[in-house]
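The sequence and structure come first.

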Amino acid sequence: MNLKKLLLPLALLLPLTTTAQSISPAQIDQFKQLPRAQQEALAERYGVDLDNLGSTSQGANQRPQQVNVVEPISSITNQEREQTRAKQRDDEEQVLARKNGGLKPYGYDLFAGSPTTFAPVTEIPVPTDYTLGPGDVLRVQLWGKVNQNLDLPISRDGSISFPDSGPMNLAGLSFDDARQQIRKRISEQYIGVEVAVTLGELRSMRVFVLGESRNPGSYTVSSLSTITNALYVSGGVKQNGSLRKVQHKRNGSLVGVLDLYDLLLNGDSSADNRLQPGDVIFIPPVGKRVGIEGEVYRPALYELNGEKTLEELVSMAGGLTPQAYPQRVKIERTNADFLRIIAEADYTGPKGRNAQVKAGDRVSIPSISDITGQFVEIKGAATRTGKFAWMPGMRVSSIIRNLDADLLPVADKQYAAIIRTNPRNDTISVLNLRLREAVRNPGGEHDLQLEERDRVFFFADAGKVDIEKVDAANTNNSAKNDDEEKPETFTRENLFAPVLQRLKAQAKPGAPQQTIRISGPVRYPGEYPMPASHKLADAVFVAGGLKDSASLYQAEIARYTQDESGIGQTHILNVDLAAAMAGQSSLILQSRDTILIKSIPQFAQTRTIILKGEVRYPGEYTFREGETLKEVVQRAGGLSSNAFPAGAIFTREKLRQLEAQRLREAEERLQGDLLGVQLQGDSFGGQDVERVQQVEDLLEDVQNSRPVGRMVIDLAAVLSDESYQSVRLQDGDQLIVPTIPQSVSVFGEVQFPTSHLHQPGLTVDDYLQRSGGPTRQADESRVYVVKADGSVMLPERSQWFGGRSQQLEPGDTIIMPIDVDRLNQLELWTNVSQIVYQIALGAAAVGNL
C-alpha cells in the first residue's frame, strides 16, 4: 500500500473526530468505498460509530433507504445473508403453521434463496421498443470506406456525441427509432459506409419496493427489470403480504396490478410490467385466505381474489388425487356467532362443486378407504409382500410357485401360517401350512385353499442367519443386509405377537383362548396359536421341530381345568412323545396347554481335563463319569523321567470361582478399612501417611491378583498309593507337572525377595539371611513355608538355640508376612496377605513351565 492510500482514510476520518456535521456526502461515499475491514480498523482507531455514519447527512424528511443490487463483498457474504433470511422465513412459517393446523401459505417459497444480484436482466435480448435514456451506451460499428467501432454513451441531456457530426438527441426514443436515425445520419454523411447499431451497457435506475416486503427500501436495478425482478432482489413478500394484488405505481398513479398466482399456477407473466426510474412496487396486506388439506396435490393456505366456489379452490390446489373420496368433503368455518362448525359437500355433484367458500374456511378432502375385500395378503420373509387379488379356488401354490424365487434367503421354507378371518363374527383362526409339501404338490392335501382376506405369514429361519451373513461378507453384497431382510424382523415371536393378542382378546365363555405354550429342546420355544388340528405333533411342527437333544420317551402337558365346583386347577399329563410324533396318539390339545419337551439326560456333555508339563502325552483329555485323576494320567502314559510330582499343581474351576469371590470380598473390606485408617489420621503417632501407603499397596496387590483355584494333592501318592484318597475329576480340571526344581524362594517382607539354589543342610533362617533378613515391617514370629505341593508348614524355633532349624526341600517357598499389628490391628490384612501370596505362588509355578 502506497502513501497516498494510507493518507486518504486519515484525511477522511480527521473531520469525523471533530464533529459529525462537517462531513460531506462525498467524503462519506469515498470512505464507504474502502474495504469493510479497513473501515472498521480506522473507525476503531478514531472512535467513529459506523452505524451512525450514514445517518449524519440525512435530514428530517428521510427517503426510503437505498439498497444496492450488488452489495460489497466485504460487508456480508451470500451464505450469511441467506442464513439470516432463511431463519426469518422459518420463524414466520412456524408461527403461521401453528395457527393454521400445519398448513403453510401457498406461493411464498418462490422468493426463497433470493440472490443479492439479479444477473438475468442483463442477459436477455433488448426489445425494439426499449426507451433510451441517460446512461445507456450505443455501440456503433462502421465498415466499408470507413472501418470504426464507436461506444456512444447517452449524456445527461439525452444526446450522443457523434464524431465529425455533432450531438444527436436520442433520449426518449425507442431503441428501434434511435437505430433508424443513426443509420439515416450515417447514410447522409458517409458514402459507401454501412452501419450496425447495438445496445451496450444499460443504465441503472432506482425503484422502490414498499409495503409488506421482506426488505422494503429503494433498489438500484437494471433498466430492463420487471416487477418480479425487483421483488426477487428485495427478498420477496412477507407471509402477511398479498401475492394477488401487487401494485405497480408511477408518479402516484396505479399503472397495473400483478397477480403472482397467474405466474405460479398458469405461467402467465403478461402483467409483469417493465419498470421505469422512480417506479414504486407496493405490496398490500394479504387478503382473505382459505385452507385446503387432504387428498389434493398442493395442500396449503390460498389467498382468494374473486374465487368463491369449492371447485375454484380445488383447482388452485392442483385438483384431487386418485385417492380422494369426494363425496364427503368437510368444510370447517366460523358462523355468525363466532363458533367453529362443520359443513359437508358432495364434490361429485354440481351443488357440491359450487359450494361457497369463505375467508377462514378449512377444507379437508378425505381419502378413500383401504382395500376391504377381494384380496389375500403376504407378510414376512417373502420377496414380494403386500395385498394381492383373490380369486375363488385360489391356493397357496398360486402365490408361491418357487421357494427360492418367491421367498427371501433367510426364510423358513418348511412352515408358514395362514391367519383367517371369519366374516360372520370377525374372529380369527390360524391354519398351519407345510410349505414345502404345498409347493411341491400343487392341489394336494397340504396345498390349502385360500379364502378372501387371508393373511399368509412367512417366517425367518434362525439356522440360516449366520450362513447368509457369511455369504454376504464373501460376496461384498451390501444389499443383503437391508433392514427389511434381517431375520430377526420376521421371527415367529414378532409376527405372531398381534395374532396372539387378538386371540386372547376374542376369548369368552364357551370359546376359550386358543393359545398354547411349548418349551424345552424345540427350535423356537414360546407361545403359539392353537393348531387347527389340536395335535401335539402339529404344535411341535409350529415350534420349528425337535432338537436332537429331545427325549422321545416322555413329554409333559400342564393343563388348566375346572373341577365340579368351578375351581381352577392344573393337571400334569405324561405323553409318549414318539407315539404322538408318529400320529399314534389320541391326545387332543386344549386351551392354554403348556407342553414341556424333556431333554436327554447329560446329552452331548463332554468333560475334559488338561494335562500339562512333564506328562508323557500332554493334552486335553475327555473322561468318563466317575473317572479318577490316576486313570487319566495312566491313559496319558504316566509321568516323564524329569517330572517333579511333589510340586504338581492341580487346579479346579469351581475352586477358582470360590477364590475369586474371596478376593472380591477381601477387596471390599480392605477399601472400607483403608477409609477408616485415613479418617483416624494422627492416631498413628504421625506415621499415618506411611501406614496408609502400606494399606494401599496391599489393596493394589489384591486387585492385581488373579484366582488360580489350586487344590493341594500328593501326586506321587495319587499314582502309587492305593490307600490314598482317589481324586474324582470334574469338568475344567487341570494338572500341571513341573520339572525337578533346584531353588528355594523367599518372598514377603525381606530386604531382597529372590530365589536361592537349594543346598542340603540349610535352614529357614539361613535362607532368610541370604535374602538380607527381615524388613522393619516384617512379622518374624509368623514366618511360614509353602511346600512345593502347595501345603503350608509353620517352622518352629528351637528351645535350645532360638532359631528355625527345619531343613527345606527344592521348590519350597519361605513367606515373611507383614506385621499387621503395627497397622491398627486390622486382622483382615493377615488373611488377605496370605491369599495374595498363595495366588502369587500358584501363578509363578504355572508361569515357570
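Strands (E, at least two residues) and helices (H or I, at least four) are DSSP runs numbered from the N terminus, and two strands pair if DSSP finds at least two bridges between them. Strands of a sheet pair through backbone hydrogen bonds, either parallel or antiparallel.

Strand 2 (residues 137-144) is joined to strand 6 by 7 bridges, and the two run antiparallel. Opposite Trp143 stands Glu194 in strand 6.

## Basis of the model

The model is predicted: local features need pLDDT of at least 70 and side-chain atom pairs count only at pLDDT 80 or more, while totals for chains, interfaces and linings use all residues. Residues are numbered from 1 along each chain as its sequence is written, and side-chain values use heavy atoms, with hydrogens and water left out.

## The chain as a whole

The protein chain has 23 helices and 36 strands. Of its 849 residues, 40% are buried; buried means under 20% relative accessible area, exposed over 50%, and partly exposed in between (1.4 Å probe, protein chains only). The chain exposes about 46,600 Å², of which carbon and sulfur atoms supply 48%. These areas come from the Shrake-Rupley method with a 1.4 Å probe, and for residues only the protein chains shown count as cover.

Among contacts with a separation of 6 or more, 63% are between residues 24 or more positions apart. A contact means heavy atoms within 4.5 Å.

## Strand 21 and its partners

Strand 21 (residues 455-460) is largely enclosed by the rest of the structure, because 5 of its 6 residues are buried. Strand 17 (residues 375-380) pairs with strand 21 in the parallel sense over 4 bridges, and Ile378 has Val456 as its bridge partner in strand 21.

Strand 19 runs antiparallel to strand 21 and is joined to it by 5 bridges. Here the bridge partner of Ile418 is Val456 in strand 21.

## Nonpolar cores

A nonpolar core is a set of buried Ala, Val, Leu, Ile, Met, Phe, Trp, Tyr and Cys residues joined through side-chain atoms within 4.5 Å. The largest one holds 59 residues, and the members that touch the most others are Leu435, Phe458, Phe496 and Ile595. Strand 19 (residues 411-421) supplies the largest share of this core, 6 residues. A second, separate core of 41 residues includes Val290, Ile292, Val296 and Ile331.

Which residues does Phe496 contact, leaving aside neighbours within four places in sequence? They are Tyr415, Ala417, Ile419, Val430, Phe459, Tyr528 and Pro529.

Arg244 sits in the loop between helix 7 (227-233) and strand 9. Arg244 is buried, with a relative accessible area of 5%. A polar atom of its side chain lies 2.6 Å from the backbone oxygen of Glu303. Beyond neighbours within four places in sequence, the contacts of Arg244 include Val257, Asp259, Tyr261, Glu303, Glu307 and Met316.

Gly217 belongs to strand 8 (residues 217-222) and counts as buried at 2% relative accessibility. Gly217 and Val280 are 63 residues apart in sequence, with 10.0 Å between their C-alpha atoms.

## Two residues with positive phi

Asn251 is not a glycine, yet its phi is positive, near 55°. Asn251 lies in the loop between strand 9 (246-250) and strand 10 (253-258) and is exposed, with a relative accessible area of 78%.

His534, also not a glycine, has a positive phi of about 60°. The loop that holds His534 runs between strand 23 (526-529) and helix 16 (536-542). At 25% relative accessibility, His534 is partly exposed.

How values were computed:
A polar contact is a pair of N or O atoms within 3.5 Å; within protein, one must be able to donate a hydrogen and the other to accept it, and residues adjacent in sequence count only if both atoms are side-chain atoms.
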